[in-house]
Amino acid sequence: MTTTQELTVKTEPFVLNMGPLHPSTHGVYRMRVTLDGEVVLDIEPIFGYLHRGIEKLMEERTYTGCIPLTDRLDYVSAMNNNFGYCLAVEKLASIKVPERGEYIRVITAELQRIGNHCVAIGAMLNDAGALGTPFFYLWRQREKIYDLLEMLCGQRLMHNYMRIGGVSQDIPDEFLPAIAKFIPQLRSFIEEFEFFLKQNEILIARAKGVGILPKELAINCGISGPVARASGIKHDLRQDDPYSIYDRFEFDIPTCENGDCYDRYRIRMEEMRQSLRIIEQAIK
Amino acid sequence: MTTALSAKEIVSQLGTKFPGAIEEAGAESVLVKSDALPAVVEYLKTTEGLKFDYLNYITAVDYYNYFEVVYMLTSLEFNRSVVLKVRCYTRDNPTVPSLTGIYQGADWQEREVYDLMGITFEGHPNLKRIFLWEGFTGHPLRKDWNR
């Protein structure tokens, strides 16, 4: 008869290299994983494969010449990076942006935020096992946003639209009617999309209670944005330290309390709704 | 709205608590002596009424004559922020105490400053390059770096 003693297998930790992964899988990234069987004991993230030295490149360009580089900081939110950079230069040089320019900036930044959240949610659902379908539903909405942004600047991904002191050109006549048509369409899409996913067993099983980031840890690590808000940190610069004209709009800062993957999905859905509210107020 | 706590207010509190720790108080930032930094930050983080519990960023500037390491802290509870600066006057092996024991978020930020600006953070548990590869020589954001 075998005893428990004999069945105990002596194991030792095993180091496995995961990656570097291809850029299309959300950036080139490598993990050195220490495993004990199937249990992950430790992960050392290794990155920098796509570090392009943008700060260094900026040193030898004019202030205006740096704007196209900011597009490339994050290709899913080019407009918002234009925005942040221009705000910094304007603050240094005490340049005031015309009111119309401020409104156009807010509209484009919030459109881009929605597009960004579409990619984040789509990619997350892809990774959770819903290959393709939800991703392309969201991608279609993002394409419509890019149609709108293309009207403004002729570019779909690397907009290079904002300038120090405003934007490169005024909005064309067809822009406001198009956006007025887009808002209700996207709003009903969000409702429909959430209806499908809210009670989806697979999503709940794979996202609820998974990857919990507690509030205290998130604060201590300096986490920001929707990830912080999903962990219950009610902090959003648009309200807490409003830049541009964000103090003129009414919108809520949603927060969740569990800080798991499911909450990080929920928070982005809710933020898309809030962005639509801001855009609606801004186009008036 | 985040109120940047004026340097004056901070200095009056810190001056009595840590005599000699403040080198200079600008309009928007406080220049702290390098050795006093961890104690000052710990005080700002844990004192009731201040509670600067959030480290926004760590960065560094090369002014040729000295390096300046810049820290921005925010109190989420009181919605206030403060900027601290520390200077290193040497170009070979400038050293600043690490804040990794106070904020976990300091870990990667300090590695980035080390990698690109070549400032050593004393007490960092794993100070190695974060973006550039292991065999890389020099620190490219230094003004005298030559490709």
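**Ground rules.** I number residues from 1 along each chain as its sequence is written, and chains are lettered from A in the order in which they are written. Because the model is predicted, local features need pLDDT of at least 70 and side-chain atom pairs count only at pLDDT 80 or more, while totals for chains, interfaces and linings use all residues.

**Chain A overall.** I looked up the secondary structure and found 12 helices and 5 strands in chain A, where helices (H or I, at least four residues) and strands (E, at least two) are DSSP runs numbered from the N terminus. The C-alpha trace of chain A spans about 85 × 50 × 35 Å along its principal axes. Of its 284 residues, 27% count as buried, a residue being buried if 20 or more other C-beta atoms lie within 10 Å of its own, exposed if 12 or fewer, and partly exposed in between, with C-beta atoms placed from the backbone.

**A:R273.** I found A:R273 in helix α12 (residues 261–283) of chain A, and A:R273 counts as partly exposed because it has 17 C-beta neighbours inside 10 Å.

**Two helices.** I then turned to α5 (residues 99–127) and α6 (residues 133–153) of chain A, whose axes come within 9 Å and cross at roughly 160 degrees; axes are lines fitted to C-alpha atoms, for helices over the stretch in contact, and angles run from 0 to 180 degrees between N-to-C directions. The two helices are therefore roughly antiparallel, the word for angles over 145 degrees, whereas those under 35 count as roughly parallel, 65 to 115 as roughly perpendicular and the rest as oblique. Among the residues making the contact are A:L111 and A:I114 of α5(A) and A:L138 and A:I145 of α6(A), where contact means C-beta atoms, placed from the backbone, within 7 Å.

**Where the chains meet.** The contact between the chains takes 14 residues from chain A and 16 residues from chain B. On the side of chain A, α2 (54–59) and α9 (215–220) each supply at least two residues.

**Cores.** The largest nonpolar core has 37 residues, and B:V32, B:V40, B:V69, B:L73, B:V113 and B:I119 touch the most other members; such a core is a set of buried Ala, Val, Leu, Ile, Met, Phe, Trp, Tyr and Cys residues joined through C-beta atoms within 7 Å. Elements giving two or more residues to this core include α9 of chain A and α3 (106–117) of chain B, and α3(B) contributes the largest share, 5 residues. Apart from this core lies another, of 34 residues, among them A:I104, A:I145, A:C261 and A:I278.

Methods. Two residues are in contact if their C-beta atoms, placed from the backbone, lie within 7 Å.
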